[in-house]
Number of protein chains: 2
Amino acid sequence: DRLILDMRRLGRLAQSIPELEPVNNYALLICARRRDWNGEVLSLRSEDLSTLALINFKTEDQMQGELEANGLILNFK
Amino acid sequence: DRLILDMRRLGRLAQSIPELEPVNNYALLICARRRDWNGEVLSLRSEDLSTLALINFKTEDQMQGELEANGLILNFK
Ligand SMILES: Nc1nc2c(ncn2[C@@H]2O[C@@H]3COP(=O)(O)O[C@H]4[C@@H](O)[C@H](n5cnc6c(=O)[nH]c(N)nc65)O[C@@H]4COP(=O)(O)O[C@H]3[C@H]2O)c(=O)[nH]1
Ligand SMILES: Nc1nc2c(ncn2[C@@H]2O[C@@H]3COP(=O)(O)O[C@H]4[C@@H](O)[C@H](n5cnc6c(=O)[nH]c(N)nc65)O[C@@H]4COP(=O)(O)O[C@H]3[C@H]2O)c(=O)[nH]1
Ligand SMILES: Nc1nc2c(ncn2[C@@H]2O[C@@H]3COP(=O)(O)O[C@H]4[C@@H](O)[C@H](n5cnc6c(=O)[nH]c(N)nc65)O[C@@H]4COP(=O)(O)O[C@H]3[C@H]2O)c(=O)[nH]1
Ligand SMILES: Nc1nc2c(ncn2[C@@H]2O[C@@H]3COP(=O)(O)O[C@H]4[C@@H](O)[C@H](n5cnc6c(=O)[nH]c(N)nc65)O[C@@H]4COP(=O)(O)O[C@H]3[C@H]2O)c(=O)[nH]1
């Protein structure tokens, strides 16, 4: 299912947790591609969880677990 | 590249041009999936042109040509 990220929190945590920098960079690349600067939430495609896991050398469960453990997933809809 | 459809015009033309009904139905399915009832424009993925061509027994060039000939494509961005 889709992934809804808390962009404000992700930007803040990525400054102190190096593991989250690639996630923040990926999210910012999508925002730039869309020109979507609402700045609060970013809804990503379900396939993006696979892509994020791949580029972070994790399984999808590990990636999702790390995002949840850091309070970055807001899923509603 | 993406496809931006004029939803208002598509809904109107689909009533008198049977060829356009499947296109209108596909667009409405996407609107429902997103709950995107802005009603004016619908931006579709570049892959959707392939899907629309397939389900309408046309090539991509024929599908795009038909949409353009009916004034249904608003492409800006
Ligand atoms: N509400 C909604 N609208 C959709 C959806 N899929 C496509 N669109 C609309 O269709 C446009 C073109 O999509 P694209 O050709 O796949 O081209 C996209 C795609 O290649 C990439 N992209 C944007 N957002 C995402 C994302 O969340 N994940 C991935 N993997 N790529 C994305 O950037 C391009 C431009 O994105 P946009 O400027 O946003 O422009 C998007 C957007 O207006 C969807 O699931 N929901
Ligand atoms: N900027 C932004 N906002 C987000 C995002 N994810 C969630 N939201 C916010 O949460 C609501 C649901 O977004 P959605 O699931 O993408 O569902 C959206 C989406 O599918 C579509 N939509 C709305 N505006 C656009 C747009 O400018 N382009 C495209 N392609 N789709 C849009 O209509 C649905 C309802 O939209 P809203 O009522 O406006 O309400 C949206 C919006 O306020 C995001 O990645 N970027
Ligand atoms: N601005 C923008 N936002 C994007 C893009 N791709 C994905 N998103 C955001 O990520 C959410 C989940 O996308 P999904 O898992 O592919 O799940 C999507 C997808 O399976 C389908 N869908 C929505 N729009 C399109 C479309 O234009 N073409 C196709 N083929 N499927 C779509 O409906 C599901 C729900 O769509 P949404 O409620 O809109 O919710 C979308 C939307 O908020 C994009 O290119 N641009
Ligand atoms: N997932 C998601 N993404 C969102 C949402 N709201 C905005 N976005 C993203 O932010 C970009 C700018 O949105 P905008 O300034 O509201 O301005 C938008 C909007 O006013 C309109 N628009 C174009 N296509 C659509 C569409 O399919 N649905 C809706 N509701 N508006 C669209 O044209 C402008 C450019 O649209 P896009 O190319 O799609 O580019 C959108 C889209 O990538 C949202 O609720 N959910």
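# A tour from loop to pocket

Begin by selecting A:Arg35, which is exposed because its relative accessible area is 57% (buried means under 20%, exposed over 50% and partly exposed in between, with a 1.4 Å probe and protein chains only). What you have open is a predicted model, in which local features need pLDDT of at least 70 and side-chain atom pairs count only at pLDDT 80 or more, while totals for chains, interfaces and linings use all residues. Residues are numbered from 1 along each chain as its sequence is written, chains are lettered from A and ligands numbered from 1 in the order in which they are written, and side-chain values use heavy atoms, with hydrogens and water left out.

A:Arg35 lies in the loop between helix 2 and strand 2 of chain A (helices, H or I with at least four residues, and strands, E with at least two, are DSSP runs numbered from the N terminus). Its phi is near 60 degrees, a positive value in a residue other than glycine. Most residues other than glycine have a negative phi.

Now move to chain B and select B:Arg35, which is found in the loop between helix 2 and strand 2 of that chain and counts as exposed at 56% relative accessibility. B:Arg35 follows helix 2 of chain B and has a positive phi, near 60 degrees.

**Helix 2 of chain B**

Select residues 21–34 of chain B, the 14 residues of helix 2, which reach 20 Å from the first C-alpha to the last, close to the 20 Å expected at 1.5 Å a residue (the expected span is 1.5 Å times one less than the number of residues). Which residues of this helix are buried? They are B:Val23, B:Asn24, B:Tyr26, B:Ala27, B:Ile30 and B:Cys31. They lie on the same side of helix 2 of chain B because they cover an arc of only 160 degrees around the axis (the arc of the directions from the helix axis to the C-beta atoms). Turn to the other side of the helix, and you will find B:Leu29 and B:Arg33 exposed. The buried residues of helix 2 pack against strand 1 (3–6), helix 1 (7–13), strand 2 (41–44), helix 3 (46–55) and helix 4 (60–69) of chain B, where contact means heavy atoms within 4.5 Å.

**Helices 3 and 4 of chain B**

Next, select B:Asp48, B:Leu49, B:Leu52 and B:Ala53, the buried residues of helix 3 of chain B. Their arc around the axis is only 140 degrees, so they sit on the same side of helix 3. Strand 1, helix 2, strand 2 and helix 4 of chain B are among the elements that cover them.

Continue to B:Phe57, in the loop between helix 3 and helix 4 of chain B, which is exposed at 78% relative accessibility and has a positive phi of about 55 degrees although it is not a glycine. Then pick B:Glu66 in helix 4 of chain B, which counts as buried because its relative accessibility is 13%. Leaving aside residues up to four places away in sequence, B:Glu66 touches B:Glu19, B:Leu20 and B:Lys58.

**Back in chain A**

Select A:Asn24, in helix 2 of chain A, which is buried with a relative accessible area of 12%. Apart from residues up to four places away in sequence, A:Asn24 touches A:Leu10, A:Gly11 and A:Ala14.

Move on to helix 4 of chain A, residues 60–69, in which A:Met63, A:Glu66 and A:Leu67 are buried. These residues are on the same side of helix 4 of chain A because they cover an arc of only 100 degrees around the axis, whereas A:Asp61 and A:Ala69 are exposed on the other side. The cover over the buried residues includes strand 1 (3–6), helix 2 and helix 3 of chain A. Just after the helix, A:Gly71 takes a positive phi of about 65 degrees.

**The largest pocket**

For a last stop, select A:Arg34, A:Ser43, A:Arg45, B:Arg34 and B:Arg45, which of the 34 residues that line the largest pocket are the closest to its centre (a pocket is an open set of points on a 1 Å grid over the protein atoms alone, where a 1.4 Å probe fits, with protein on both sides within 12 Å along at least five of seven lines; lining residues have an atom within 4 Å of a point). The volume of this pocket is about 1800 Å³ (the space filled by probe spheres set on the points, which are joined across faces, edges and corners). Helix 2, strand 2 and helix 3 of both chain A and chain B each supply at least two lining residues, and the largest share, 5 residues, comes from helix 2 of chain A.
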